[in-house]
Amino acid sequence: MADNHVQPDQSSTAQTPLLNSTQNQNHQRPPRSQERVKDNVDLDGVLQKLEAFLTFLGFNQSSILRSLLSWVAFFLVGLLLPIGMLELSSCSDCEMYQIKDFELDIVALQACLAAVSLFCLSLNLRKYGVRRFLLADRYSSRMTHSSGQYVQQIKNAMRLLVFWSFPCLILKIAREVVRVSYVHRESLWLSSAILFGLIISWTYVSTIYLLATVLFHLICNLQVVHFDDYAKLLERESDVLTLTEEHIRLRYNLSKISHRYRIFLLLQFCVVTTSQCVTLLQTTGYRGIITIINGGDFAVSSIVQVVGVILCLHVATKISHRAQGIASSASRWHALATCSIADASQLRASNSGGNLESTNGQNSLQMSYSESDLESLDYISLPINTHLASHMSSYHRRQAFVMYLQNNPGGITIFGWTIDRGLLNTIFFIELSLVTFVLGKTIVFTA
C-alpha cells in the first residue's frame, strides 16, 4: 500500500519536470535573486503592453501586410476623413465661424508631421524591435539591478503621453462643440458626425506624433539611469580600464540613439517650423476677423507641436549635459585620489624618517663598522621609491582617463551637432529671425 501511494507522486513529478525544477530553483534562490527575476518579469509585461499599443497605432510594420494596413488606415483616418468632414461642414454664409483655407492647411501640416513620426519610428521598430530599440537587450544581462527603474521610466512615459494628450483633446473638443453650436445644420446627426469625425482624426494624428516624441524622451531617460549608475561607479571603482570600457559602451549607446532618431528630429524641426511660419503668415495676413472659433485650431495644433519639440529638446539637452558632466566628476575623483595618495606617501615618508632617527638615536653608541649609515639609509628608502613609482603610474592612468573624457564628452547629436545649450541658442535665434521676417512681410504700416 505504501508503494501505491508513492508511485502517483513520482509519476506526477516526472510529468512536470520544468515546473518542478522552476519551483526548486525558486526555493533555492536568495531573496535578492527573486527580486531581480520579478523585475525582469514586470519589464517583459510592460514591454508587451507597449508593443501592443504601438501595434494598435500602426507602428508595427514587421510584414508587408501590416505595413499596408498601417498606411491605408493613416491616409483614411488622418487625411481623407478630416478633409471629407470639412467639405461636408463648409457653407458660404459662415465665414466668420469657419475659414476653409485655415482648416485645410492645419490638416495637411498635422498629417505631414504624423507621417514623419510614423515612418521614422516604424522603420526603426521593424529593424530592431521594441526591446533592442529601447536598448533593453544587453541591459538585462549587465545591469539587472536597474530593471525596476526601467519599468518605472516606461510607466512615467505613458503618464507623460496622457498628461499632454488629454488637455489638448479637451481643448479640441471644446472648440469643435462651440463651432457646431454656432454653425447650425439642417440635421443634428450630420453635425454630430462631423464633430466626431474631426475629433477622431485629430486624436489619431496627434497621438502618433506625441508618442514618437515620448518614446525619444523615454530612451534618453533610460540612458540617464545608466549615467547615474556610472557616476556611482566612479565613487567605488578605482580600475581605470573598467571605467573606460563602461564609458565607451555608454557613449556608443548615445551614438546609436542619435543615429536612429536624427532624421526624425531634423524633419520634426523643419515641419514644425514650417507649420508655425504658415500659421503666423495666415493669421497676420488675413484681412478679416479672426476669432477662437475660426482660428482656434491653429492654437490647439501649435500647442501639440511645440510640446513635442520641447520634450525632445529638453531630454536631449539633459542627457548631453549629463554625459558632459561625467568629465567633471572624473576630474574631481582624480583630484581626490591624487591628494589622498600624496598625503599617504608623505605620512609614510615621515614615519620612515622618524623610525630612522629613533633607530639611529638608539644605536648611536652601539654602531658597528660592518654596516655604514649610507647602506642603512638605502635599505630604508627602497620601499618608498617602489610605492612612489606605483603611485605615479596610477596617476598617469587616471590623468589619461580624464583627458579621454574631456575629449570625448558624448551626447545626442544631429549629424555631428550636439544638442546642448549652444544649439538651443542657435535654434532660438533662427526661429526669432523667421518670425520677424514673416511679420515684416505681413504687418506693414502705411500712412
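**Helical spans, nonpolar cores and a buried charge network**

UniProt, in an unreviewed entry, places the feature "transmembrane region" at residues 68–86, 106–125, 157–174, 194–219, 263–286 and 298–316. The model examined here is predicted. Two of the annotated spans were checked for secondary structure and length. Residues 106–125 are 100% helix and 0% strand. The end C-alpha atoms of this span lie 28 Å apart. Residues 157–174 are likewise 100% helix and 0% strand, and here the end C-alpha atoms are separated by 26 Å.

Nonpolar packing was examined next. The largest nonpolar core holds 80 residues. Within this core, Phe59, Leu134, Phe216, Tyr261, Leu265, Phe401 and Ile412 touch the most other members. The elements that supply two or more residues to the core are helix H3 (31–56), helix H5 (100–133), helix H7 (147–182), helix H8 (188–236), helix H9 (240–285), helix H10 (292–363) and helix H11 (373–407). Helix H8 gives the most, with 20 residues.

Leu265 illustrates the contacts made by a residue of the largest core. Leucine 265 touches Phe216, Cys312, Ile414 and Ile419, when residues up to four places away in sequence are not counted. Of these partners, Phe216 is also listed with Leu265 among the core residues that touch the most other members.

Leucine 80 lies in helix H4 (residues 64–89). The relative accessible area of leucine 80 is 51%. The cut-off for an exposed residue is over 50%, so leucine 80 counts as exposed.

Charged pairs were then searched for. Side chains of opposite charge can pair when their charged atoms come close. The whole structure contains ten salt bridges. One of them joins glutamate 103 to arginine 179, with the closest N and O atoms 3.0 Å apart. Glutamate 103 belongs to helix H5 and arginine 179 to helix H7, so this pair ties together parts that are 76 residues apart in sequence. Both ends are buried: glutamate 103 has a relative accessibility of 4%, and arginine 179 has a relative accessible area of 5%.

Arginine 175 takes part in two further pairings. The side chain of arginine 175 meets that of glutamate 176 in a salt bridge, at 3.0 Å from N to O. Glutamate 176 and arginine 175 are both buried. Arginine 175 also forms a salt bridge with aspartate 297, at 3.1 Å from N to O. Arginine 175 sits in helix H7 and aspartate 297 in helix H10, so the pair ties together parts that are 122 residues apart in sequence. Aspartate 297 is buried, as is arginine 175. Through shared partners, salt bridges join Glu103, Lys172, Arg175, Glu176, Arg179 and Asp297 into one network.

Arginine 397 and aspartate 239 are 158 residues apart in sequence. In space, their C-alpha atoms are 9.3 Å apart.

Conventions. Residues numbered from 1 in each chain as written. Predicted model: local features only at pLDDT ≥ 70, side-chain atom pairs only at ≥ 80, totals over all residues. Heavy atoms only, no water. Helix = DSSP H or I, 4+ residues; strand = E, 2+ residues; numbered from the N terminus. Buried < 20%, exposed > 50% of the residue type's maximum accessible area, 1.4 Å probe, protein only. Core = buried A, V, L, I, M, F, W, Y, C linked by side-chain atoms within 4.5 Å. Contact = heavy atoms within 4.5 Å. UniProt positions renumbered as here; feature names shortened; annotations may be inferred. Salt bridge = Lys/Arg side-chain N within 4 Å of Asp/Glu carboxyl O.
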